[in-house]
There are 2 protein chains.
Amino acid sequence: VESPSQALIELLGVVAYGELAGFFRIAADAELAPSLAESIKMAELADIEFRHYTLIGAHIQSLGIEPESVMAPFVAAFDGYHERTKPADWFEGLVKAYVGDSIATDFNLEIAALLPADSREVILKTADSSSHVEFAVSTLMSAMASDPRLRGRLALWARRLVGEAIAQAQYLAAEHEGLFELINGTANSSPVGEESNEVIGLDLGRAFIRLTEKHTHRMQRLGLAV
Amino acid sequence: VESPSQALIELLGVVAYGELAGFFRIAADAELAPSLAESIKMAELADIEFRHYTLIGAHIQSLGIEPESVMAPFVAAFDGYHERTKPADWFEGLVKAYVGDSIATDFNLEIAALLPADSREVILKTADSSSHVEFAVSTLMSAMASDPRLRGRLALWARRLVGEAIAQAQYLAAEHEGLFELINGTANSSPVGEESNEVIGLDLGRAFIRLTEKHTHRMQRLGLAV
């Protein structure tokens, strides 16, 4: 059985690399933008992801650990996700940025509750991008209003994004003991009995339901729930 | 004849889009990095370019002008440069980041002297990346030490980068009256006589020589001067 801090470190590593990979991907997808103004919006979003990475990376370093070493185990999963979900055009890029950034924010807010105070504080600081991703919503809304066929294609695309994300999350949980323990509630920083484990496990089950509900709500709002 | 502020605006537009294009290009070239640690170094450099863009963009906005409109005329030249100088591997990417960032810093320092105080202050803030680009020097030094044939290839590459940059700069100066006036010293913010024009023109001629000398010095230091 691994030590509790191993679970914490793995969780920080997942979140840190998720932000870093998001930075690279959003910066690259900005080239799909039809105008300079829109590519700047994507660059701003990419920059926010990088600032998140920087915050978490510095926190990992403050725990006496090299960020690269704790992120390395998660590179294949995130890169695989991004490789399998390359947007074919600007609108797919916007949906991906919006879906990905929103789920990441929700996920970070959910796990923040499980973390020691100093880590929690850092993770909570990374939940600030929603105002920057709103341009994606308004752009998509007006594009779908003028081209109704776009809606069906983007709805399928959004489902594929979530399917790939869940597949990668399951792969990660299976491969990484620390994360698996956390999900099962055995990675508390204080010794826990069976009952506390169940409660924490239950909370995480509920957290997953909440993540799904919030995503569904966003897709309904966009008119992409099919 | 265009108004003096047109020259200032064009100069700010060139510098702003140069930084923004640099951000996108360095972020993309980070994927050539052989390790996560090295791709993070490139991401950090890209982020600095984006912060420079943000500073200059905000300054342009404070002058009552949309940054996109003043950057738009320079998109083709910078994108053309980056399109024609795509690094074939990590080392070419490092040379490009180092050469490009260094020349941009020198150029910004040179033109800062020509600008009104508020613009000068902003441009001087963008001359802070040299410590972040030093990793490129040390990485290239040790790579060339273990593979001497690399040196010849990278020396040719560095020359090509500068050749393409000069070609684009000449194209820009020919296409953009405001910039041309500035280079000829007729775009001062106060009315100037023939004598002052000549002095400013002479300074800019010297500035170009200084830029070239500094570049040559950097290439000698790297062992890439051929």
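How much area is buried between chain A and chain B, and what share of that area do carbon and sulfur atoms give? The area is about 1,500 Å², and carbon and sulfur atoms give 83% of it. The model is predicted.

## The interface between the chains

In this predicted model, 20 residues of chain A are in contact with 20 residues of chain B. Three residues stand out on the chain A side. A:Phe24, A:Leu36 and A:Ile40 supply 32% of the area that chain A buries against chain B.

The size of an interface is often given as the accessible area lost when the parts come together. Here that figure is about 1,500 Å².

## Chain A overall

Chain A has ten helices and zero strands.

Chain A has 226 residues, and 48% of them are buried. Its exposed surface comes to about 10,500 Å². Carbon and sulfur atoms supply 58% of that surface. Among contacts in chain A with a separation of 6 or more, 78% join residues 24 or more positions apart.

## Helices α2 and α6 of chain A

Helix α2 (residues 36-62) of chain A packs with helix α6 (residues 117-125) of chain A. The angle is about 170°, and the axes are 9 Å apart. An angle over 145 degrees counts as roughly antiparallel, so α2(A) and α6(A) are roughly antiparallel to each other. From α2(A), the contact uses A:His52, A:Leu55, A:Ile56 and A:His59. From α6(A), it uses A:Asp118, A:Ser119, A:Val122, A:Ile123 and A:Lys125. By class, these residues are four nonpolar, three polar and two charged.

Is A:Ser119 buried or exposed? A:Ser119 has a relative accessible area of 0%, so it is buried. A:Ser119 is found in helix α6 of chain A. Leaving out residues up to four places away in sequence, A:Ser119 touches A:Leu8, A:Leu12 and A:His59.

## Helices α7 and α8 of chain A

Helix α7 (residues 130-146) of chain A packs with helix α8 (residues 149-175) of chain A at an angle of about 130°. Their axes are 6 Å apart. That angle makes α7(A) oblique to α8(A). On the α7(A) side, the contact is made by A:Leu140, A:Ala143 and A:Met144. On the α8(A) side, it is made by A:Leu150, A:Arg151 and A:Leu154. The contact has five nonpolar residues, no polar residues and one charged residue.

## An exposed loop residue

A:Glu31 is found in the loop between α1 (4-29) and α2 of chain A. Its relative accessibility is 69%. Exposed means over 50%, so A:Glu31 counts as exposed. A:Glu31 and A:Ile56 are 25 residues apart along the chain. Their C-alpha atoms are separated by 27 Å.

B:His59 is found in helix α2 (residues 36-62) of chain B. Its relative accessible area is 6%. Buried means under 20%, so B:His59 is buried. Which residues does B:His59 touch, not counting residues up to four places away in sequence? They are B:Leu12, B:Asp118, B:Ser119 and B:Val122.

B:Met141 has its place in helix α7 (residues 130-146) of chain B. At 34% relative accessibility, B:Met141 counts as partly exposed. Its contacts, leaving aside neighbours within four places in sequence, are B:Arg221 and B:Leu222. B:Arg221 lies 80 residues from B:Met141 along the chain, yet the two C-alpha atoms are separated by 9.5 Å. B:Phe78 is in helix α4 (residues 75-84) of chain B. B:Phe78 touches B:Val14, B:Tyr17, B:Gly18, B:Ala21 and B:Leu172, with residues up to four places away in sequence not counted. B:Phe78 and B:Ala165 are 87 residues apart along the chain, and their C-alpha atoms are separated by 8.7 Å.

Definitions and conventions:
Residues are numbered from 1 along each chain as its sequence is written. Chains are lettered from A and ligands numbered from 1 in the order in which they are written. This is a predicted model: local features need pLDDT of at least 70, side-chain atom pairs count only at pLDDT 80 or more; totals for chains, interfaces and linings use all residues. Side-chain values use heavy atoms; hydrogens and water are left out. Axes are lines fitted to C-alpha atoms, for helices over the stretch in contact, and angles run from 0 to 180 degrees between N-to-C directions. Helices (H or I, at least four residues) and strands (E, at least two) are DSSP runs, numbered from the N terminus. Angles under 35 degrees count as roughly parallel, over 145 as roughly antiparallel, 65 to 115 as roughly perpendicular and the rest as oblique. Contact means heavy atoms within 4.5 Å. Ala, Val, Leu, Ile, Met, Phe, Trp, Tyr, Cys and Pro count as nonpolar, Asp, Glu, Lys and Arg as charged, and the others, Gly among them, as polar. Buried means under 20% relative accessible area, exposed over 50%, partly exposed in between (1.4 Å probe, protein chains only). Accessible areas come from the Shrake-Rupley method with a 1.4 Å probe; for residues, only the protein chains shown count as cover. Buried area is the accessible area (1.4 Å probe) that two parts lose on being put together, summed over both.
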